[in-house]
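Take a look at the fold below. We will go through it piece by piece, from strands to helices to charged side chains.

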Amino acid sequence: MNQTPGMIRETFPVGPLQCNCTIIGDPVTGKGIVVDPGGDAELILEKVRAHNLHIIALIHTHAHLDHFLASGELKEKTGAPIHLHKEDKFLWDNLETQCRMFGVPYRPVPGPDFWLHDDEELACCCGVAMHTPGHSPGSMSFWFADHKLLIAGDTLFRRAIGRTDLWGGDYPTIERSIRQRLYTLDEEAVVVAGHGPDTTIGEEIRENMVIRG
């Protein structure tokens with residue numbers, strides 16, 4: 001488990017493409033959110049129960065197949081609504097096609113219940129949604145300033161950035177998102193990437209192999 005003072009935060013890889021799923025919870029209220037439930041619904045639910053959390057939202061950084069595969073089952077089991085940025089609706093509408101292209105079994109997923117907006121306050125731990133397009137048109141990052149924690153999805157990785165050769169990707173746009181939005185955050189902030197290990201904003205400003213600050 002990842003220790004963040006005043007916050008429950010556990011990040012772990014799920015699904016066939018090992019997307020990082022993150023559970024965020026408020027230890028006082030017991031309310032929590034799941035970010036990018038990309039598979040292994042039972043594993044996610046086990047961890048939610050271990051933290052004794054009531055999940056109130058399923059939040060997606062974007063709508064590529066590996067970030068949604070457990071969303072339908074989690075919504076069914078928890079009753080929590082699905083959140084996504086509207087500019088990724090075209091990807092969500094084609095989830096079955098995405099799965100077929102990558103040879104991943106498809107399970108029907110209901111449409112998003114709410115559209116995320118830039119600078120929208122999240123339902124847990126004073127988080128804020130940040131629109132950081134480039135990997136996809138609706139890519140979002142989630143910033144928890146009080147805890148110096150950024151969930152960056154597939155926008156920023158340790159020493160790398162997200163692909164821009166998939167549907168709706170655009171390199172100048174992701175570069176702008178990283179330089180103007182992410183690299184202006186607290187350099188001590190921990191970055192949870194969509195895949196692979198955590199990093200920090202400061203490390204990526206100085207050492208990212210693609211976009212340095």
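The paragraphs below walk through the sheets, a helix, a few loops and the salt bridges.

This is a predicted model, in which local features need pLDDT of at least 70 and side-chain atom pairs count only at pLDDT 80 or more, while totals for chains, interfaces and linings use all residues. Residues are numbered from 1 along each chain as its sequence is written, and side-chain values use heavy atoms, with hydrogens and water left out.

Start with strand 4. Helices (H or I, at least four residues) and strands (E, at least two) are DSSP runs, numbered from the N terminus. Two strands pair if DSSP finds at least two bridges between them. Strand 4 pairs with strand 3 in the antiparallel sense, over four bridges. Here threonine 22 stands opposite valine 35.

Lysine 31 stands opposite histidine 54 in strand 5. Strand 4, helix 1 and strand 5 make a right-handed β-α-β unit. Right-handed has a set meaning: with the strands pointing away from the viewer, the path from the first strand over the helix to the second runs clockwise.

How enclosed is strand 4 by the rest of the structure? Four of its five residues are buried, so strand 4 is largely enclosed. Buried means under 20% relative accessible area, exposed over 50%, and partly exposed in between (1.4 Å probe, protein chains only).

Isoleucine 59 belongs to strand 5, residues 54-59. Its relative accessibility is 3%, so isoleucine 59 counts as buried. Its contacts (heavy atoms within 4.5 Å), not counting residues up to four places away in sequence, include Ile33, Val34, Val35, His83, Leu116 and Phe142. The C-alpha atoms of isoleucine 59 and valine 34 are separated by 6.1 Å, though the residues are 25 apart along the chain.

Helix 2 spans residues 71-78, and its buried residues are Ser71, Gly72, Glu73 and Leu74. What covers them includes strand 4, helix 1, strand 5, strand 6 and helix 3. Just after helix 2, glycine 79 takes a positive phi of about 80°.

Five strands form an open sheet in the order 8-9-10-13-14, with mixed pairing. Strand 8 (128-131) and strand 14 (199-200) are the edge strands, each pairing on one side only. Within this sheet, strand 10 and strand 13 run parallel, joined by four bridges. Glycine 153 has alanine 193 in strand 13 as its bridge partner.

Two loops deserve a stop. Leucine 17 lies in the loop between strand 2 (7-14) and strand 3 (19-25). Its relative accessible area is 38%, so leucine 17 is partly exposed. Leu17, Met101 and Phe102 form a nonpolar patch on the surface, with about 300 Å² of accessible area together. Such areas come from the Shrake-Rupley method with a 1.4 Å probe; for residues, only the protein chains shown count as cover. Patches are made of residues with over 30% relative accessible area and no salt bridge, where like charges are joined within 9 Å and nonpolar side chains (Val, Leu, Ile, Met, Phe, Trp, Tyr) within 5 Å.

Glutamine 18 lies in that loop between strand 2 and strand 3 too. Its phi is near 55°, a positive value in a residue other than glycine. Arginine 159 also has a positive phi, of about 65°, although it is not a glycine. Arginine 159 is found in the loop between strand 11 and strand 12. Is arginine 159 buried or exposed? With a relative accessible area of 12%, arginine 159 is buried.

Finish with charge. A salt bridge is a side-chain nitrogen of Lys or Arg within 4 Å of a carboxyl oxygen of Asp or Glu. By this rule the count comes to 18. Lysine 89 pairs with aspartate 93, the closest N and O atoms being 2.8 Å apart. Arginine 163 pairs with aspartate 165 at 2.9 Å. Of that pair, arginine 163 is partly exposed at 46%, and aspartate 165 is exposed at 55%.

Arginine 179 forms a salt bridge with glutamate 175 at 3.2 Å. Both lie in helix 5, four residues apart, about one turn of the helix. Elsewhere, salt bridges that share partners join Glu42, Arg49, Glu73, Lys77 and Arg107 into one network.
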